[in-house]
Amino acid sequence: MTESVSPFSQRVLQIVAATAPGDILTYGEVAREAGHPTAARAVGHALSRHGGKVAWWRVVSASGRLVPGRERDHRAHLEVEGIRCGPTRVSRSRRDPASTRGQGPDSENVR
């Protein structure tokens, strides 16, 4: 039996799938872009259940924290994309949601 994916989770997956390599988002940014600004935890839940379909590692906490218990794997994926990380976090994780992903002066990542 195939597990159904809620409309919110589908939107989360679309947003993360559209994120360019080397660009990172916070759970809160994804929630806001999905139309549910207070649903950052639900973004994490959606990615934990369905994130294997997208580059889940491009999403971190507002403080830049990597997924607890998966820091090593998370860090390895980010470093392949040129994002430097400490043992448990990236130094910053900000992007202007109105900017074009991966392009222009409003797009930031950790380099």
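This is a predicted model: local features need pLDDT of at least 70, side-chain atom pairs count only at pLDDT 80 or more; totals for chains, interfaces and linings use all residues.
The largest nonpolar core has 27 residues, of which Val12, Val16, Val30, Val43, Leu47, Leu78 and Val90 touch the most other members. Two or more residues of this core are given by each of helix H1 (7-17), helix H2 (27-33), H3 and strand E2 (59-60). H1 supplies five residues, the largest share of the core. The contacts of one core member, leucine 47, were examined separately. With residues up to four places away in sequence not counted, leucine 47 touches Val12, Leu13, Val16, Tyr27, Val54, Trp56 and Val59.

The largest pocket has a volume of about 220 Å³. Its lining consists of 13 residues, and Tyr27, Gly44, Leu47, Ser48 and Val67 are the closest to the pocket centre. Helix H3 (residues 40-50) contributes three residues to the lining of the largest pocket, the largest share. By residue class, this lining comprises seven nonpolar, four polar and two charged residues.

Aromatic rings were considered next. The model contains one aromatic pair. The pair is formed by tryptophan 56 and tryptophan 57 in an edge-to-face arrangement, with 5.9 Å from centre to centre and 80° between the planes. The pair is classed as edge-to-face because its angle of 80° is over the cut-off of 60 degrees. Tryptophan 56 and tryptophan 57 are both buried. Tryptophan 56 is also one of the residues touched by leucine 47.

Histidine 50 lies in helix H3. The relative accessible area of histidine 50 is 7%, and the residue therefore counts as buried, the limit being under 20%. Apart from its neighbours within four places in sequence, histidine 50 is in contact with Glu3, Ser4, Val5, Ser9 and Leu13. Leu13 is also among the residues that leucine 47 touches.

Glycine 82 is located in the segment after helix H4 (71-80). Its relative accessible area is 30%, so glycine 82 is partly exposed, a class that lies between the limits of 20% and 50%. Glycine 82 and glycine 22 are 60 residues apart along the chain, and their C-alpha atoms are separated by 6.1 Å.

Technical notes:
Residues are numbered from 1 along each chain as its sequence is written. Side-chain values use heavy atoms; hydrogens and water are left out. On a 1 Å grid over the protein atoms alone, a cavity is a set of points where a 1.4 Å probe fits but cannot get out, and a pocket is an open set with protein on both sides within 12 Å along at least five of seven lines; lining residues have an atom within 4 Å of a point. Grid points are joined across faces, edges and corners, and a volume is the space filled by probe spheres set on the points. Helices (H or I, at least four residues) and strands (E, at least two) are DSSP runs, numbered from the N terminus. Ala, Val, Leu, Ile, Met, Phe, Trp, Tyr, Cys and Pro count as nonpolar, Asp, Glu, Lys and Arg as charged, and the others, Gly among them, as polar. Rings of Phe, Tyr and Trp (its six-membered ring) pair if their centres lie within 6.5 Å; planes under 30 degrees apart count as stacked, over 60 as edge-to-face and the rest as tilted. Buried means under 20% relative accessible area, exposed over 50%, partly exposed in between (1.4 Å probe, protein chains only). Contact means heavy atoms within 4.5 Å. A nonpolar core is a set of buried Ala, Val, Leu, Ile, Met, Phe, Trp, Tyr and Cys residues joined through side-chain atoms within 4.5 Å.
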